[in-house]
Amino acid sequence: MAGECVPEGPNLKEMGEEELWELINDNRHRISLGVRPGTLIPYLRQARVLTEMDEDEILSCHNLTNRCMRTSYMLDLLRTQGRNGAVALLESLMIHYPTLYTQVTGRKPSTEPSTFSGLIKYSELTEYLVRAVTGMQKELQEARCEAGRMRARCTTLESEIGQIMEQEEKSRCLQSENEHIRRHLSSLQREVTKLKDEKCDLYMRYTAAIEEKSAVNMRLHDLNLQVYQLQTELQKASTENEFHKRHSLRCASTPETPQLQEEVRSLRCQLAKAEKLNPARQDILAQDLAEAIGSQVELAEQLRCYRGENEQLLREKQELLDQKECLSLQVQQLTLDCNMHQQKSTVIQNQMRELQAERDLAYQSRDEAQAMIARILAEKDTLRCQLVEIQDRVFSLQANRSPREKRQSSDEREVSWESPGSSFEESSFPNRRRLCRMDAVNPMSRSPCDSEYEDTAASSIKSRNAEPPSPKSLRRRKELLHAESSLETAETDSLLDDFVFLTNVGSEDKQTPKLSSSNGTSADSLCRTSAPPFLMRSRPKAIRVNGRVFTICFQGEALLSQLAVVGGNKTGVFVHQVTEGSAAHTVGISPGAQIVEVKYEQNQKALRMLLEDSTLEEAMWALGQVTGLCHLSLRPKQDDYEALLHQLQNNVMSSGDSFYVRVNMSLLAGPSGTLAVSCNDILHVTNTRPAGTEDSWHACQVHPCQLLDLQSGTVPNYYRAQRLLIRAIEDMSFQTKKSQKAGRVVAQNQQKAVRIVSTGRQGRNALWVSVEDEQTKSTESGDTSAPRSCVTLMPYSLVTPHYPPVCRPILLLPTVLGRMLDKKLGGWQGFQLCEPEALSSSEHAARLQRSEILEECEQGRNCCYTLQSVEKVMKKGIHCVLPLGLDCVRRLHRAEIFPIIIFIRQSARSSRKLRSKLQRHGQSEEQLLACSRSEEPLLDKLPCLYHSVASDSWCDQASLLTSLRTIIWEEQKKIVWVEPDLW
């Protein structure tokens, strides 16, 4: 609609040269800001207003540092072409920048042929417009795809940011709760200190009371002694009185009797007073004793009360200590979560730094390429100057000839220009070789005859002829474009279409290399006779640069004798040594280059082997299979190569291999350091080509809870272990048949000898799918009719370590026994039974499509166990007990949830221990045994390890639950090893 409202401007065909350029100069600033010169140059070249040299100056001149300067320089060059330059510029704007064209001219853009000036023929214009529209559509599609990817990336980043914010909010809440609990704990500690002070005061009062009691007792003892002394004196006085009385009766005289009687009366008075005084003192002492006893009883009562308060304070102290332990556990859990988040942020920062380093390397490579292009252009200009000088000499010589010789030479020259494939004997002057940019970067030199055959598809300059412009130049340009498009199409069809076949280095008979293409045209038409000496190139066409990876084509007979390799799947496979004088040394292969892939032909079949992530053993086998012409893709990594050599020299590592495998068979220890392993053990393979041994790997056993290497030794490699596995399976089948004939029964609790794991992957080694051929490509492209390879037994399975959260879900097997124990286990502290969710029909269908439903519930329709219910329980920091079957394990693994799988083996004796429990749940012993026998073979097909409980290791349900709790605690600390999908 906006285009229909634009008013019609003046007719461009009726405008003169000055008017057109005045119109362009008025909008020069707008054109310089909004136009890319590289987009308009192809049309301006076809309109013959710009030459090849003009294009080189616009795009490659170092003085033009930005796009606006290049566009302004292009306008200056077009100004020299007069009206044709202005018309061609406006027509190119109408095609590529219609909005800018409307702003400049005031006219609506139109692709009608009548609106063009006729600088380009109708057929060529139509072809150009079709190519331009196709390119715009591709750019639009790429821009939409990029926008979709960026939108998805933004969505994922927003979701991750939301999750991080939620976790941060939760951590903040937990920190506030922790601070509140700490303040409460400090207040309780202050109260406990206050109570301790009060208790100390009571102890002091009790001590003072005891001291007072001891003083009262001492006083009472003194009073008793005084009473005893008085009683003794009284008895003595009475005895003396009796004695004097008898004596007075015997010998006393009459005059003395009144005097004695007076003394007797005085003594009697004193005795009466003493008798009256003694009971009073006794009462006082008795009263004091009673008061002391009462105070002692009160103190004993107070002491009893203080003891009760002390016991209550001790109980409160124990409760506070328990709360402190719970809080310390929560603090440890929060610390682990914080450390995990810090590790994630550190990994992200490291990845950002690696990306920045790669970006800097890319910028550096771009600068080097630009410098190289500038140097090549300078060489090209020098050659052009030499060519012009020699042409001047030729013209001067022709002017000195006779008219007849001039006509004869001109006739011969026309024949030579029209038939570029003619031989040197048919023409008096040799055909000039086309000038082109350097197609490959290789410092090695080659013979002049090999330098003729250049790959025309790698040049960025479309017009390569040294002849002056002629009407045939556009036709030649069209043919070259068609040849390049056919080469690019054929590149994905066959291995032989990727590269130019070179002759064998050192061979006496020089064969002409041929470049095959999809349209069947022969490469002989592109060949030319030998060029003059000043046009010969000193670099061979052997390397094709593709980003940071370049490919070399050469004769690879006995390739391992030409070069030696080092490295492995962790560091990459690098060229270590190159034999001097070999074909690899001639084409410029040097130590320090990483081998990415190798292509070669075998039995008339093109093979492609990816060696970027392969082990040293696989890489040496792949390079040993090369018997003829090969294409070796290399990536220069000198720093990584030197770091690898430094580690190998310092015995930090024995090779560049490092991967973890799960052993699927039992192996006994051998005399030459062979490692004894059992089925389901985890091994860390550190060298696939150890020195002094054949068909062996150097491996170490792994600590179950940490990534630490334990006992080391050698184990059979993949192919020898596969043969041993097949032999073990044959021996087991023979022993089973023999035992059946003899009537013996094999015990169920014996150690597992083999674990049968099969895969449907194609290739020599199922661990690394590195070989691709034409049949593989056709199968991947959608040809479902192609037959798949047979099932392959795997002695080792690749595994990757995972570090699960604090509490993993629990899955008890067999299912019949698990249903009985789930409720008991879910009632413990730190465990919770997974509850089903009731979903609507639409929500059930949506979650089923997203694979979020673990298992349907038997209680009702659309009532099922979901991933959200499991994650909800795990967020509480407790174990989720899963009342599910084995089918839920792979769904949980896709959601990065790794349950603890515990299989309780059953026998006839152990099933009898649970007879009453089974009858209570409506099950029988036969059903339990059948369920155990059916689910036990399925455990070996799980992509993770499981724990097996022997049938004779428990006596009743209580002991079984106790052992389960211990097993869960041990399994929680272990690393989870997960196998990839093998189908």
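Predicted model: local features only at pLDDT ≥ 70, side-chain atom pairs only at ≥ 80, totals over all residues.
1. Disulfides. A search of the whole structure finds 0 disulfides. A disulfide is a covalent bond between the sulfur atoms of two cysteines.

2. Cysteine 834. The closest cysteine sulfur to that of cysteine 834 belongs to cysteine 880, at 4.2 Å, which is too far for a bond. The cut-off applied here is a pair of cysteine sulfur atoms within 2.5 Å. Cysteine 834 has a relative accessible area of 2% and is therefore buried.

3. Cysteine 269. This residue has a relative accessibility of 46%, so cysteine 269 counts as partly exposed.

4. The open sheet. Strands in the order β18-β20-β19 form an open sheet of 3 strands with antiparallel pairing. The edges are taken by β18 (837-838) and β19 (853-856); each has a single partner strand, so one side of each is left without a neighbour in the sheet. Between β18 and β20 (residues 863-866), the antiparallel pairing runs over 2 bridges. Alanine 838 has cysteine 863, in β20, as its bridge partner.

5. The helix on the sheet. Helix α20 (residues 867-875) packs on this sheet and touches β18, β19 and β20. The direction of α20 makes about 50 degrees with that of β20.

6. Serine 951. Where does serine 951 lie? Serine 951 is in the loop between β23 (947-949) and α25 (957-973). With 14% relative accessibility, serine 951 counts as buried, because buried means under 20% relative accessible area. Leaving aside residues up to four places away in sequence, serine 951 touches Arg905, Gln906, Ser907, Ser910 and Lys913.

How values were computed: Residues numbered from 1 in each chain as written. Heavy atoms only, no water. Buried < 20%, exposed > 50% of the residue type's maximum accessible area, 1.4 Å probe, protein only. Helix = DSSP H or I, 4+ residues; strand = E, 2+ residues; numbered from the N terminus. Contact = heavy atoms within 4.5 Å. Pairing = 2+ DSSP bridges. Axes fitted to C-alpha atoms, helices over the stretch in contact; angles between N-to-C directions.
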